[in-house]
Amino acid sequence: MAEFQWPWQYNFPPFFTIQPNKDTQAKQLEAWCLLVLSYCRHRRQYSLDVTDAQDSPLFHNQKIGRKLPLEAVYTVLEELRKKGNIEWTDPKKRNRCLIMWRTPEEWGKIIYQWVTSNGMNNTVCTTYELVNGDDTSNQEFHGMESWLLTRALQTLQIERKAELMGSEGVKFF
Amino acid sequence: MRRRGVGAGAIAKKKLAEARYKDRGTEIAADQLAQMSKQLETFQKHLEEFATKHKDDIRRNAEFRRQFQEMCAAVGVDPLASGKGFWSEMLGIGDFYYELGVQIVEVCLATKPRNGGLIMLDELRERIAGKSKARQDVSNDDLLRAIKKLKVLGSGFTAIPVGGGRYLVQSVPGELNMDHTTVLQLAEGSGFVSESSIVNKLRWEKERAQRVLDHMLKEGLAWVDDQATEGRQYWFPALFPDPAG
């Protein structure tokens, strides 16, 4: 895996303090949202455990000795939830969330584009080979977790571009 | 016997002599003026010949350009004066600085979300040099001249010295007074200040320091860091290097 490119804010100590100026805070939260998504995308991470994440490099920059406080972590994740990029597995406990650095619709489009460019319209394939087969090893959706794949395929189903066949197969049109 | 030099006649005579001298003085002044004008004309002509001969050097070489500018200033010529004429048409010097001015505005606008409208001159130069091959030899002197021109156009641009020959370029017409720039100068080495460092180093009252810091926060020029062991620190993105393009 290539090394992750941290944005300039990551090494800027104030980035880990929620800013009092509202405009600055808005910029700060947007930067955090972007960082969380690109970090997860880089690591092909589809879920996040809040406690683990707080100690991970994502929210803890050891080099400059700054850590995003737990309350602020929740603020950032709440922003992402509003944008549709994360979903709490248990909204009451909020200790784990699913991550969608792309929405199911976006994923659906990407998968369908691959299907079309490989002339696989009107064919059936298993969901397994779709995300784990050699053919897709260089695709961004390779290794995608099944819960997300199902949602992505469902958006295609709505558009009549695909039909789910049980939990393990899909037909593309 | 009558005393000489006294009396109405003598006074009138004196007055006449004075008048004559005055005329003479005016004559001399007019003469000198004519001579000086002629000399100036000659200077300018030589400058024009020089400029034409070294047109390419002036465009390509920053040091040459700077010296040329100083020569012009010495004889009261402004090659950047807008409008037609020898300078702008023949040399395209005006174009050079005009284009530079446009690029400065572009870079400042692009980086404003990050630094609130304040950028180090060095960073500005690096970003402009990175934009095109033709801008490789742009110097800080060039930038300062272009910024001066921008300022004259009333665009809110100004260059603030922060010591050691370094400058901060402000591109938003916000109110930055001497207190603000002094605090920026204090922050320049490390990129941050705290209320106590201002009080200790500048010997200001707490309230004065806090006023400045509050203003910087309000203008989006500073961010707070509450995780430093010494207490709240105020960091300036403009003074924080961003190696990324």
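## Accessibility and Arg208 of chain B

A residue is termed buried when its relative accessible area is under 20%, exposed when it is over 50%, and partly exposed in between. R208(B) has a relative accessible area of 31% and is therefore partly exposed. The model described here is predicted.

R208(B) takes part in two kinds of contact. Its side chain meets that of D179(B) in a salt bridge, with an N to O distance of 2.7 Å. This pair links distant parts of the chain, since D179(B) belongs to helix α8 (residues 178–187) of chain B and R208(B) to helix α10 (residues 206–218) of chain B, 29 residues apart. D179(B) has a relative accessible area of 19%, under the 20% limit, and so counts as buried. R208(B) also lies over the face of W204(B), 3.9 Å from the ring centre.

## Other salt bridges

Side chains of opposite charge can pair when their charged atoms come close. Over all chains, the whole structure contains 15 salt bridges.

In chain B, R127(B) and E123(B) form a salt bridge in which the closest N and O atoms are 2.9 Å apart. Both residues lie in helix α6 (residues 121–131) of chain B; because they are 4 residues apart, about one helical turn separates R127(B) from E123(B). R127(B) and E123(B) are both buried.

In chain A, a salt bridge joins the side chains of E159(A) and K161(A), at 2.9 Å from N to O. E159(A) is partly exposed, at 44% relative accessibility, and K161(A) is likewise partly exposed, at 28%. A network of salt bridges links R41(A), R102(A) and E140(A).

## Aromatic contacts

A pair of aromatic rings is described by the distance of the centres and the angle of the planes. The structure holds 21 aromatic pairs over all chains. In one of these, the ring centres of W114(A) and F141(A) are 6.0 Å apart and the planes stand at 75 degrees, so the pair is edge-to-face. The two residues come from distant parts of the chain, 27 residues apart: W114(A) is in helix α4 (residues 104–117) of chain A, and F141(A) is in the loop between α5 (127–132) and α6 (146–158) of chain A. W114(A) is buried, with a relative accessible area of 9%, and F141(A) is buried at 0%.

Ring pairs also connect F4(A), W6(A), Y10(A), F15(A), F16(A), W32(A), Y39(A) and F59(A) into a cluster.

## A contact between chains

R114(B) and W8(A) bring the two chains into contact: the charged end of R114(B) sits over the ring of W8(A), 4.6 Å from the ring centre.

Note on methods. Residues numbered from 1 in each chain as written. Chains lettered and ligands numbered in written order. Predicted model: local features only at pLDDT ≥ 70, side-chain atom pairs only at ≥ 80, totals over all residues. Heavy atoms only, no water. Salt bridge = Lys/Arg side-chain N within 4 Å of Asp/Glu carboxyl O. Buried < 20%, exposed > 50% of the residue type's maximum accessible area, 1.4 Å probe, protein only. Phe/Tyr/Trp six-rings, centres within 6.5 Å; stacked < 30°, edge-to-face > 60°. Lys NZ or Arg CZ within 6 Å of the ring centre and 35° of its normal.
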